[in-house]
Amino acid sequence: MPVSRFSGRLPLHLLALLALLLAATAHAQTIALRTLRNTGPNASRVNVAILGDGFTEAQQEQFFAAAQAKLNVLVNNESFAACREIMNGVAVFTASNESGTDIAADGITRDTYYDTGFTGSVNARLLTVAT
């Protein structure tokens with residue numbers, strides 16, 4: 001079966017570049033991009049980009065360590081065994097002014113880059129991004 005040149009999805013490197021440009025333009029922030037896993041050219045791989053919120057500039061390395069740990073969990077999950085050998089991963093760091101995230105049920109608010117927060121009950125698992 002022939003491979004299409006454009007599948008309707010942007011390649012990871014273009015998505016990362018777009019995220020960097022939009023973020024830098026919108027907030028005049030410095031963005032750091034780190035390759036976490038490279039199994040080959042992005043055009044022929046399953047590409048995963050991890051963005052975090054609620055990490056301050058001083059926590060940059062902590063973010064990259066957490067992103068690597070999460071990617072490792074994903075890669076080693078049996079649900080993804082079929083694409084394990086063709087999975088690439090990058091982490092995109094953008095510093096927040098405060099560490100953490102909003103937790104509406106507890107009245108906690110944080111000044112974060114993406115303005116993420118948990119809504120609903122204290123045990124809520126859905127993290128939302130303000131638009």
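Me: Helices (H or I, at least four residues) and strands (E, at least two) are runs assigned by DSSP and numbered from the N terminus. How many helices and strands does the protein chain have?

Reply: The protein chain has two helices and six strands. Read from the N terminus on, its elements follow the order α-β-β-α-β-β-β-β. This is a predicted model, in which local features need pLDDT of at least 70 and side-chain atom pairs count only at pLDDT 80 or more, whereas totals for chains, interfaces and linings use all residues. Residues are numbered from 1 along each chain as its sequence is written, and side-chain values use heavy atoms, without hydrogens and water.

Me: What percentage of the residues of the protein chain count as buried, and what share of the contacts joins residues 24 or more positions apart?

Reply: Burial is read from relative accessible area (buried under 20%, exposed over 50%, partly exposed in between; 1.4 Å probe, protein chains only). Of the 131 residues of the protein chain, 30% count as buried. A contact requires heavy atoms within 4.5 Å. Among contacts in the protein chain with a separation of 6 or more, 60% come from residues 24 or more positions apart.

Me: How many residues has the largest nonpolar core, and which have the most contacts inside it?

Reply: In soluble globular proteins, nonpolar side chains tend to be buried together. A nonpolar core is a set of buried Ala, Val, Leu, Ile, Met, Phe, Trp, Tyr and Cys residues joined through side-chain atoms within 4.5 Å. Here the largest such core has 15 residues, and F63 and F93 are those with the most contacts inside it. Two or more residues of this core come from each of β1 (31-37), β2 (46-51), α2 (60-76) and β3 (87-94). Helix α2 gives the most, with five residues.

Me: Which residues is F63 in contact with, leaving aside its neighbours within four places in sequence?

Reply: With those neighbours set aside, F63 is in contact with I50, L51, G52, F55, A91, V92 and F93.

Me: Where is A67 placed, and which residues is A67 in contact with beyond its neighbours within four places in sequence?

Reply: A67 belongs to helix α2. Its relative accessibility is 2%, so A67 counts as buried. Beyond its neighbours within four places in sequence, A67 is in contact with L36, I50 and A91. A67 and R34 stand 33 residues apart in sequence, with 9.9 Å from C-alpha to C-alpha.

Me: What is the count of aromatic pairs?

Reply: Rings of Phe, Tyr and Trp (its six-membered ring) pair if their centres lie within 6.5 Å; planes under 30 degrees apart are stacked, over 60 edge-to-face, and the rest tilted. The count comes to five aromatic pairs. One of them joins F63 and F64 in a tilted arrangement, at 5.3 Å centre to centre and 55 degrees between the planes. Another tilted pair joins F64 and F93, at 6.2 Å and 50 degrees. That pair links distant parts of the chain, with F64 in helix α2 and F93 in strand β3, 29 residues apart. F63 and F64 are buried, and F93 is buried too. Ring pairs connect F55, F63, F64 and F93 into a cluster.

Me: Which ring does the charged end of R34 sit over?

Reply: A charge sits over a ring if NZ of Lys or CZ of Arg is within 6 Å of the ring centre and within 35 degrees of the ring normal. The charged end of R34 sits over the ring of F64, 3.9 Å from its centre.

Me: How many salt bridges does a search of the whole structure find?

Reply: Side chains of opposite charge can pair when their charged atoms come close. A salt bridge places a side-chain nitrogen of Lys or Arg within 4 Å of a carboxyl oxygen of Asp or Glu. The whole structure contains two. In one, the side chains of R34 and E61 meet at 2.9 Å, N to O. R34 lies in strand β1 and E61 in helix α2, so this pair ties together parts that are 27 residues apart in sequence. R34 is partly exposed at 31% relative accessible area, and E61 is likewise partly exposed, at 48%. The side chains of E78 and R84 also form a salt bridge (3.5 Å, N to O). E78 counts as exposed because its relative accessibility is 60%, whereas R84 is buried at 18%.

Me: Where does Q59 lie, and is Q59 buried or exposed?

Reply: Q59 lies in the loop between β2 and α2. With 17% relative accessibility, Q59 counts as buried. Not counting residues up to four places away in sequence, Q59 touches G54 and S99. A polar contact is a pair of N or O atoms within 3.5 Å; within protein, one must be able to donate a hydrogen and the other to accept it, and residues adjacent in sequence count only if both atoms are side-chain atoms. The side chains of Q59 and S99 make such a contact, at 3.3 Å.
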